[in-house]
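Dear colleague,

I am handing over a structure to you with this email, and I would be glad if you opened it beside my notes. Please look at it first, and then read on for what was found in it.

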Amino acid sequence: MEFKPGSRWKSAVDSTEVVVVRAPNGAITLECGGAAMIPLGTTAIAGLSLSPAHSGGTAVGKRYVDAQSGIELLASKAGAGSLSVSGRAVTIKDAKPLPSSD
Amino acid sequence: MQTQLLLEMAAEAFSDRPGYAGTSESLTYGEAFARAKRGAAYLAGLHGDKLIYLGANGCALPLALFAAGLCGKPFAPINYRLADADLRKLFARAAPAIAIVDADMLARVDGVDGVTLISRNAFEAECADPAHQLADLPAVEQDVAVLLFTSGTTGEPKAAVLRHGNLASYVLSTVEFMAADESEAALVSVPPYHIAGISAVLTGTYSGRRIVYLQTFAPDTWVHVAQTEKITHAMVVPTMLGRILEHLEKTGLSLPALRALSYGGGRMPQSVIERAIRLLPHVDFVNAYGLTETSSTVAMLNPDDHRAAIASDDPLVRRRLGSVGRVLPNLELEIRSSDGLTVLPAGQSGEVYVRGAQVAGEYLHRKVLRDDGWFATNDAGWLDEAGYLFVEGRLDDIIVRGGENISPGEVEDVLRLHPQVVDVAVLGLPDDQWGERVAAVIVPNGAEPDVDELARWVKERLRSTKTPETWKFRSQLPYNDSGKLLRRILRAELAQEH
């Protein structure tokens, strides 16, 4: 799977959706709720379920990063599953909101 | 990442929240997204690969911007203040295109080959028509989000290209999703064809701050709407701020709901911002510096900077009120010498360079970003020891009058046609009301021509804002060895005469 910037992915086991903000610097796998995420607009294989070990939840509007691969994801839809990259739990990217200039 | 996802997220998470208000209607995020999708489905069936927007502010602007993204047609808002002939030239350049045009402007652009016209009202009606289904939308991969025509040095507008990735990067790195509380409302009075008008839609949507549109700016209506709509945030160009302050002083009115006021788009006279801070002590002021080519703001003087500067006895801190603050955290900024390579230390003036994901640095068919990602802004400036940026003006002498860019060459060309004018130089002089005003230095053919007659000459051929307000007569103009007019010398001489 190629994780191009702008490409959109959805969880196979919960409502989470993400968009790739920064591409990874090598081959990775992307999971949510312990199951591989699938391209938005495709259908998940039946019978998968949310892994209790990956059920910390994903919050809409938060950015998630994996330091090792450099991939950055924006959660475009919240869900009960938590994200992982090649099995590694992602971390929330610190937001530093600025005063509005628009 | 495509910018229409910003609205999709807002609609998904906060469907019922009011998002946009025009003079007579308002839209929630959920409704706006549904309408933008229908608008996109409608536009996808028309001939044209770009979407022109020629009209005033209103709910149609976010609908058209997001619909354009959804159907993969770059959005090209055009300045309705241009002369008809110039408008038609831009329409022809954008063809094949679809154009959303205010009803009272349709006649001005009728019959341009390859451009399908639709009135703004008709477009809004299509957006509300449930017959248009998103299912009809083709899958699109369109990288270019917005084309903005900027005034170039030669006077022929350049089409600046802003990609979805540039704009999304600006939004994600400066705004937190739905961080605004429900009482927040931003008054937008910059026109749709200004980069600030585009970025306002995007950051307003993503932050969840309701946008209230003013069709066109006038100080009394601005203050009236700010009061009645309980506006908490607004962005103005320096000229607008001066006029708003005048109105407040004259009427004794206040703006109790206003929390934050940002300004940018031209040189802010220090006297005006000091007056603003005195008159509106409860307001957070932000000075934003950016260019069309950089997807809006790249440096910012934040509210704390303003307060520190105004309270300080240290002239080095105090003068920062005249700076544009420091570079945004996700960007790099350098001052370089005229060789374009040597990075200058603090205190030395050179050209401002920026680098980062939001920096597009691209015109239609011409990328001007360096291979290493740096963009030469064509602005002159310097940094102080603490990294505050002082912008001195355009390197190429574009005159910025009241937020409007005026190309001296265009005005000079017209004046040169006058029988009593042998040579002419047009340049901007500092002006407390407009930021800059247009000045003309004329080498006459014999006796000095009548100033009113020259002004009329320009006004008839261009428009009133481009007509010089200061006139000087000389026996010759300063040129360098290669025949280039030395505007800077002329400007320094004129400034001394005042």
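This is a predicted model: local features need pLDDT of at least 70, side-chain atom pairs count only at pLDDT 80 or more; totals for chains, interfaces and linings use all residues.

**The sheet in chain A**

In chain A, 4 strands make up an open sheet in the order β4-β3-β8-β9, and their pairing is antiparallel. At the edges stand β4 (35–36) and β9 (88–89) of chain A, and because each has a single partner strand, one side of each is left without a neighbour in the sheet. Strand β3 (residues 30–32) of chain A runs antiparallel to β4(A), and 2 bridges join the two strands. In that pair, C32(A) has A35(A) of β4(A) standing opposite. As background, strands of a sheet pair through backbone hydrogen bonds, and they do so either parallel or antiparallel.

Chain B holds an open sheet of 9 strands, which follow the order β2-β1-β10-β9-β11-β12-β13-β14-β15 with mixed pairing. The edge strands here are β2 (26–28) and β15 (326–327) of chain B, each of which pairs on one side only. On this sheet packs helix α11 (residues 303–311) of chain B, which touches β13 (284–291) and β14 (296–301) of chain B and whose direction makes about 115° with that of β13(B).

On one side, β1 (residues 18–21) of chain B runs parallel to strand β10 (residues 210–213) of chain B, and 2 bridges join them. With β2(B), by contrast, β1(B) runs antiparallel, and that pair is joined by 3 bridges; β1(B) and β2(B) also form a hairpin, with 4 residues between them. Y20(B) has a bridge partner in each neighbour, namely I211(B) in β10(B) and L27(B) in β2(B). A21(B), in turn, stands opposite V212(B) in β10(B).

How do helices α2 and α5 of chain B lie, and at roughly what angle do they cross? The axes of α2 (residues 29–44) and α5 (residues 120–127) of chain B come within 7 Å and cross at roughly 110°, which means that α2(B) is roughly perpendicular to α5(B). From α2(B), the residues R35(B), A36(B), R38(B), G39(B) and Y42(B) meet F123(B), E126(B) and C127(B) of α5(B). Sorted by class, this contact of α2(B) with α5(B) has 4 nonpolar, 1 polar and 3 charged residues.

Chain B as a whole is divided into domain 1 (4–216), domain 2 (288–394) and domain 3 (399–497). The centres of domain 1 and domain 3 of chain B, taken over C-alpha atoms, are separated by 36 Å.

**Where the two chains meet**

The contact takes 18 residues from chain A and 35 residues from chain B. On the side of chain A that touches chain B, the elements that give two or more residues are β2 (17–22) and β7 (72–77) of chain A, and the largest share of that side, 3 residues, comes from β7(A). By class, the side of chain A that touches chain B has 9 nonpolar, 5 polar and 4 charged residues.

With best wishes

Technical notes: Residues are numbered from 1 along each chain as its sequence is written. Chains are lettered from A and ligands numbered from 1 in the order in which they are written. Two strands pair if DSSP finds at least two bridges between them. Two residues are in contact if their C-beta atoms, placed from the backbone, lie within 7 Å. Axes are lines fitted to C-alpha atoms, for helices over the stretch in contact, and angles run from 0 to 180 degrees between N-to-C directions. Ala, Val, Leu, Ile, Met, Phe, Trp, Tyr, Cys and Pro count as nonpolar, Asp, Glu, Lys and Arg as charged, and the others, Gly among them, as polar. Domain bounds come from an automatic or database domain assignment. Angles under 35 degrees count as roughly parallel, over 145 as roughly antiparallel, 65 to 115 as roughly perpendicular and the rest as oblique.
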